Amino acid sequence: MKKLMLMCNAGMSTSVLVRKMQNIADEKGIAIDIWAISEIDFEKNWRLADAILLGPQVSYMQDKVSEAVEGSIPVGVIAIVDYGRMDGEKVLAQGLALLEED
């Protein structure tokens, strides 16, 4: 099972998006584990993930996160429009595409 971690400032708004994404994945029979964390929980969680998507509000951290994972897993930023709309289907597709890079 692939594991996709989403990260934002506090992890709360992203948790809503995670539920939508997981529901869509379950409906489509996609085996994926998706969870959200706050940026302060990054260090103790990133090794559990196969890919990381950053919320637009922490997009400035992309280089820092990429450096921290040392290229071992792909890191992307959720499209701001999809995040704002809480479009679980589009963000899931973005996450799945990122996982294919792994």
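## Cys 8 in strand β1

Cys 8 is found in strand β1, where strands (E, at least two residues) and helices (H or I, at least four) are DSSP runs numbered from the N terminus. This is a predicted model, so local features need pLDDT of at least 70 and side-chain atom pairs count only at pLDDT 80 or more, while totals for chains, interfaces and linings use all residues. Residues are numbered from 1 along each chain as its sequence is written, and side-chain values use heavy atoms, with hydrogens and water left out.

Is Cys 8 buried or exposed? Cys 8 counts as buried because its relative accessibility is 2%; the cut-offs are under 20% relative accessible area for buried, over 50% for exposed and partly exposed in between, with a 1.4 Å probe and protein chains only. Leaving aside residues up to four places away in sequence, Cys 8 touches Ser 13, Thr 14, Ile 37, Ser 38, Glu 39, Gln 57, Val 58 and Tyr 83, contact meaning heavy atoms within 4.5 Å. An unreviewed UniProt entry carries the annotation "modified residue: Phosphocysteine" for Cys 8; such annotations may be inferred rather than shown by experiment, feature names are shortened, and positions follow the numbering used here.

The largest nonpolar core has 19 residues, and Leu 4, Leu 6, Leu 17, Met 21 and Ile 34 touch the most other members. A core here is a set of buried Ala, Val, Leu, Ile, Met, Phe, Trp, Tyr and Cys residues joined through side-chain atoms within 4.5 Å. Two or more residues each come from β1 (2-8), α1 (12-27), β2 (32-38), β3 (51-54) and α5 (88-101), and α1 gives the largest share, five residues.

Leu 4 has contacts that include Met 21, Ile 34, Leu 53 and Leu 99, not counting residues up to four places away in sequence. A second, separate core of 15 residues includes Trp 35, Trp 46, Met 61 and Val 69.

## Helix α1 and its partners

Now for the helices: α1 and α5 pack at an angle of about 75°, with axes 8 Å apart. That makes the two roughly perpendicular, a label for angles of 65 to 115 degrees. The axes are lines fitted to C-alpha atoms over the stretch in contact, and angles run from 0 to 180 degrees between N-to-C directions. Leu 17, Lys 20, Met 21, Ile 24 and Ala 25 of α1 meet Gly 88, Glu 89, Val 91 and Leu 92 of α5.

Gln 22 also lies in α1. With 16% relative accessibility, Gln 22 counts as buried, and Gln 22 touches Ile 32, Asp 33 and Ile 34, not counting residues up to four places away in sequence.

Methods
Angles under 35 degrees count as roughly parallel, over 145 as roughly antiparallel, 65 to 115 as roughly perpendicular and the rest as oblique.
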